[in-house]
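Please look through the model below with its sequence at hand. The report after it takes the ligand site, then selected helices, then selected strands.

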Amino acid sequence: MAILPPGTPPGPGVNPHPAPRHPRLDPLADRYAARTHGMKTSEIRALFSVVSRPEVVSLAGGMPAVTALPLDAVGSMIGELVSGMGAQTLQYGSGQGDPRLRERICDVMALEGITDASPSEVVVTVGSQQGLDLVTRVFVDPGDVILAEAPSYVGALGVFQSAEARVRHVPMDDDGLIPEALEQALIECRANGDRVKFLYTVPNYHNPAGVTLTEPRRQAVMEIADRYDLLVVEDNPYGLLGFDREPMRALRARDDRRVIYLGSFSKTFSPGLRVGWVLAPLAVREKLVLATEAQVLCPPSLTQYAVARYLDTQPWREQIKHFVELYRERRDATLESLEQLMPAGTTWTKPDGGFYVWLKLPHGLDAKLMQPRAVNAHVAYVPGIGFYADGGGREYMRLSYCYPEPDEIREGVRRLARVIEAELDLHSTFDAVDTGTFRAAARPTPGHEAENMVGPANSDTYEDGRA
Ligand SMILES: Cc1ncc(COP(=O)(O)O)c(C=O)c1O
């Protein structure tokens, strides 16, 4: 076909607006805001359709065991709320949240040593997820650096990504965040001229790592924060779910100026009500309220009243103990079966609270590549890669024991152990001919810390270019 010069009128029978050879799938593709470019489906949401199949044992989702709640009592309580004070419960409320609930939130935080909080410093949010979003909106400009544990809560990484922040991971071990590594990261960020906006940390029963920041490390982290004038965002949804001890003293209990605290009723009562909170110094609180008003006007009245009434009238401390017993039993089932069944070279954390075990595969196996084989074997987990902003974590996976019954957990671990064994066999066969097929891109090595600085997108790139 002849190529006509531009501007040549089309001849008879020639369509003046020919369809492009590759029609765009999304005609609005070039109009989206830059901040959407790094957005992607989380590893957890991507698994939803799979894990809801009845034949699959899901060790993937972090869903609390809400069936252990006194559902009839909660149902009547909510019914009575609406019939008794409908006008208020069904009306708009204040942007900062119901004053009565904010008082009760202060009582809850006192259990973790925060005894000086005033209800005026509390902002009620739609789960702590909204709290994370608000804090990020208030503090972070594109290109700013957020320090976060490696690995980190996937929902926080999503928020940071949409704010176009750069996440710099700080390593952890069985005792939580490593203070020396935090200091090193701060020194390097200073040397690079990076604007570090805050440290994001989950000190208790970490999601996904399952570890808890020890008391000496809490002190060390706060000393470093003081020395480097670092703001700390303490995200603490699991703090009251310890199996063997009283709640640890919150970072916020040590410093009311440089710690912003995020709390939630999702794990101690119900995630479906979507009630969380932020505790922040008054000046920050003011900005948070403006940001929440711009976003949602006010948190939902009905669910706030429901939580306040629950705390006022129901035995919530006993209910938390009940949850703790149930999760302890599930944790035990997980650890015992891992111990009995996992092939040599597999290691995992031993949580003493919360919902999660963080498992490291032997011999450099890749949890993401192995996932289809696991789903075929009817067991699901979350590949570690979702919890890193820098493409790290391929040899890790998160196992959640909060939702399945102990027998299901044992069966799930048994299936998983078989999948790993089969993968090891396959791996050794391929190692023999070394096709490189199973090798993921190397993790940054100490001394190449600049490569630890990534963002805003999760990088999923393999050596051979696959995503
Ligand atoms: C560490 C952490 N932060 C925040 C959240 C969000 O919780 P919610 O919005 O339900 O309060 C979760 C949920 O799993 C979490 O694990």
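The notes below go through this structure element by element. The model is predicted.

**Ligand shell**

The ligand is surrounded by 14 residues. The closest are Gly127, Gln129, Asn207, Ser264 and Ser266. By class, the shell holds four nonpolar residues, nine polar ones and one charged one. Helix α5, residues 127-139, is the top contributor. It gives three residues to the shell.

**Helices**

Helix α6 spans residues 154-162. Seven of its nine residues are buried, so the rest of the structure largely encloses the helix. The buried positions are Val154, Ala156, Leu157, Gly158, Val159, Phe160 and Gln161. After α6 comes Glu164, with a positive phi near 60°.

Helices α7 (residues 179-192) and α8 (residues 215-227) form a crossing pair. Two packed helices are described by the angle between their axes and the distance between the axes. Here the axes come within 9 Å. They cross at roughly 15°. Angles under 35 degrees count as roughly parallel, and α7 and α8 are therefore roughly parallel to each other. Their crossing is right-handed.

**Strands**

Strand β2 covers residues 122-125. Val122 and Val124 point one way, while Val123 and Thr125 point the other way. All of these residues are buried. The partner of β2 is β9, residues 276-279, joined to it by four bridges. Within that pairing, Val122 has Leu279 as its bridge partner.

Strand β14, residues 396-400, is mostly covered. Five of its five residues are buried. Tyr396, Arg398 and Ser400 point one way from the strand. Met397 and Leu399 point the other way. Both groups are buried, Arg398 included.

Which strands pair with β14? Lys360 has Tyr396 of β14 as its bridge partner. Pro383 stands opposite Met397 in β14.

The pairings are set out here.

| Strands | Sense | Bridges |
|---|---|---|
| β2 (residues 122-125) and β9 (residues 276-279) | antiparallel | four bridges |

Terms used. Residues numbered from 1 in each chain as written. Predicted model: local features only at pLDDT ≥ 70, side-chain atom pairs only at ≥ 80, totals over all residues. Buried ≥ 20, exposed ≤ 12 C-beta atoms within 10 Å, placed from the backbone. Helix = DSSP H or I, 4+ residues; strand = E, 2+ residues; numbered from the N terminus. Near = placed C-beta within 6 Å. Nonpolar A, V, L, I, M, F, W, Y, C, P; charged D, E, K, R; others polar. Pairing = 2+ DSSP bridges. Axes fitted to C-alpha atoms, helices over the stretch in contact; angles between N-to-C directions. Parallel < 35°, antiparallel > 145°, perpendicular 65-115°, else oblique. Left-handed = near helix turned anticlockwise from the far one by under 90°.
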